[in-house]
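Please look over the model below before reading the points.

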Amino acid sequence: MSGEGLTIRGLRVSFDGYTAVDGVDLDVRPGDLRFLIGPNGAGKTTLVDAVTGLVKATGSVRFGTNGDGTELIGKPVHKIARLGIGRTFQTATVFEELTVLQNLDIAAGAGRGPLTMLRRRKGIPQPVAEALETTGLTALRDRPAGVLAHGQKQWLEIGMLLVQDVRLLLLDEPVAGMSHEERESTGELLRRVSEDSTRTVVVIEHDMDFMRSFARSVTVLHAGKVLSEGTVAQVQADPKVQEVYLGRARAEESADAAPAVPSPATGEATPTTTASAQEA
Amino acid sequence: MTTTSAPTTPAPEVTKATSPLTRFRVPGGFALGAVLLLGIAPLALTDFRLALLAKYLCWAMVAVGVSLAWGRGGLLVLGQGVFFGLGGYAMAMHLKLADAADTGIPGALPDFMQLYGTGEALPWWWKPFGNPAFALAATVLLPMAVAAVLGFFVFRRRVRGAYFAILSQALAAALAIWLVGQQATTGGTNGLTDFQGFFGYDLDDPANQRTVYFVIAVSLLLLMAAARQLFVSRYGELLIAVRDSEERVRFLGYDPANVKLVAYVVAAGMAGLAGALFVPAVGIISPALIGVVPSIGFVIGAAVGGRASLVGAVLGAIAVAWAQSTLSDAFPGAWTYLQGLLFVVAVGFLPGGLASLGAVIRRNRIRTRSGEAA
């Protein structure tokens with residue numbers, strides 16, 4: 001079993017004496033759609049940073065599809081990326097001055113030889129066309145990525161992971177700041193992506209409704225440690241989780257609905273509609 | 001950069017890429033440049049003016065590399081004088097040795113060495129430059145090799161932004177100071193000058209000077225064609241991606257250090273070739289032509305004309321060089337200040353240079369119009 005998918009053992013990350021991730025063990029198997037939840041400062045993003053090589057960590061992180069996972073700790077970021085591990089960031093980082101098509105084409109091209117690199121792109125490569133289709137961005141492919149709406153940028157990022165032929169997708173709050181419709185489409189997109197039984201998807205999320213609708217399994221982190229793990233129902237029933245996380249989140253939600261989850265229904269959608277109203 | 005106003009505007013601009021006007025714009029512009037440089041300029045200009053233009057075109061060749069490294073790659077290369085100088089000195093050393101050999105005295109030293117030198121033997125590192133093939137190859141390959149070694153360490157250590165600019169500037173200063181200090185073997189402040197022949201041709205003959213001009217003009221056009229191919233290639237797209245978000249590129253499985261290294265090395269090779277052709281055209285290479293001030297001069301033209309636009313950078317370099325020689329005659333003290341001012345104004349207020357002026361005006365007009373509507 002272990003060695004199949006993502007296997008983390010005894011992962012520890014410290015910054016100047018502060019331990020952000022404190023001995024985490026985690027197994028995520030291919031075909032899973034795992035949600036990582038936990039209060040702020042639980043170490044979720046740091047864990048993803050450690051897996052992708054962005055921060056120094058101790059312990060063991062292995063990833064593989066046939067039982068002999070490669071050790072990732074100590075490898076530089078771009079080498080880890082070439083092993084089929086891709087991530088997105090809380091703030092969508094696409095190449096704003098390049099078009100959607102160019103963004104995807106660059107993402108698809110890490111293995112290209114020098115001769116291909118020095119030539120102009122002719123037509124649309126097959127994986128890029130498929131990713132455009134999957135993310136619903138085909139009609140926007142010649143637009144500069146900088147003019148896309150917030151949700152579309154996140155989809156473009158996911159598309160960039162797809163054309164990389166990533167086996168492990170690590171998504172950091174993919175629906176933050178999205179409208180309700182955008183959340184639904186994103187959830188459907190993630191479901192479609194993870195249906196491929198050779199892909200492993202890990203999502204960091206604050207939005208509980210989104211988690212309940214789309215998670216296949218859930219890991220709760222608290223203070224750098226794994227607090228609970230299981231299906232959505234199991235985790236929600238866990239008294240420890242209710243105490244440190246869900247309970248508190250619910251209290252917050254009922255107290256002041258918006259702040260816990262940054263602008264769910266308003267946020268990005270409103271300015272767009274106002275702008276179009278002004279132009280009309 | 002224009003994110004604020006964008007999401008709701010429809011995309012009529014996207015379709016224009018297929019119109020015949022844009023399809024023939026690049027080959028048409030290239031042909032126009034060739035006609036101007038190879039046909040009209042030699043007919044219309046006196047020998048003196050043509051020689052000046054040859055000098056400006058050499059600086060424009062440096063600007064082609066600056067446009068690639070800085071405009072597309074975001075590397076503020078403030079020390080291109082190093083590579084211009086390496087190319088120039090490699091060529092000048094060969095010409096000096098060839099002149100010495102032409103005297104017919106076996107083992108004759110270049111003239112300046114007889115004046116200042118120990119006068120005994122040629123330094124070992126001069127010897128290979130006696131071979132024309134070696135010297136010619138070195139004018140381009142030596143700057144590229146130096147850039148490759150430098151870039152390897154600098155980019156791997158993730159030195160970027162202002163630190164990279166200061167570092168490259170310091171190198172230009174260091175090379176100039178070193179050259180001044182080694183008067184016996186480099187000619188010191190005087191540099192290397194007073195060349196008689198150029199691969200068997202007499203450099204004093206105006207007809208041969210014209211030939212040098214043609215070599216320079218053709219080289220500039222070839223460099224522009226090569227740079228243009230890099231700009232539109234997948235590499236060119238990747239270079240922009242690295243400029244705008246280096247971290248993100250790393251997560252796609254590329255090593256941004258290598259991407260930047262290629263642009264840096266190519267730009268260095270272009271500066272080296274420019275330096276090499278500068279020598280027969282102008283008749284001198286000296287520390288004053290490659291130090292800090294000329295190194296800044298190399299990027300100002302590109303900044304004013306538009307660093308991300310190839311034609312903008314080249315025209316900017318020629319225009320600034322022309323303004324320099326015209327204005328520095330009229331107001332000798334004021335030019336350096338004006339040059340600094342131009343750089344600040346261009347980078348601060350018009351980062352796209354004059355090439356972007358049309359787009360900026362259009363954008364402002366749209367903004368004022370929508371402002372009035374609201």
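The numbered points below take these topics in turn.

1. Basis. This is a predicted model, in which local features need pLDDT of at least 70, side-chain atom pairs count only at pLDDT 80 or more, and totals for chains, interfaces and linings use all residues. Residues are numbered from 1 along each chain as its sequence is written, chains are lettered from A and ligands numbered from 1 in the order in which they are written, and side-chain values use heavy atoms, without hydrogens and water.

2. Strands S1 (residues 5–15) and S2 (residues 18–28) of chain A pair in the antiparallel sense over eight bridges (strands are DSSP E runs of at least two residues, helices H or I runs of at least four; pairing needs at least two bridges). Two residues lie between S1(A) and S2(A), and Asp16(A) in the turn has a positive phi of about 45°.

3. Lining by helices. Helices H3 (47–72), H13 (292–305) and H14 (310–330) of chain B each supply at least two residues to the lining of the second largest pocket.

4. Helix H13(B). Of its 14 residues, 10 are buried (under 20% relative accessible area, 1.4 Å probe, protein chains only); among them are Phe298(B), Val299(B) and Ile300(B). The buried residues of H13(B) pack against H3, H4 (80–102), H7 (161–181), H14 and H15 (335–349) of chain B (contact: heavy atoms within 4.5 Å).

5. End of H13(B). Gly306(B) follows H13(B) and has a positive phi, near 125°.

Definitions and conventions:
Buried means under 20% relative accessible area, exposed over 50%, partly exposed in between (1.4 Å probe, protein chains only).
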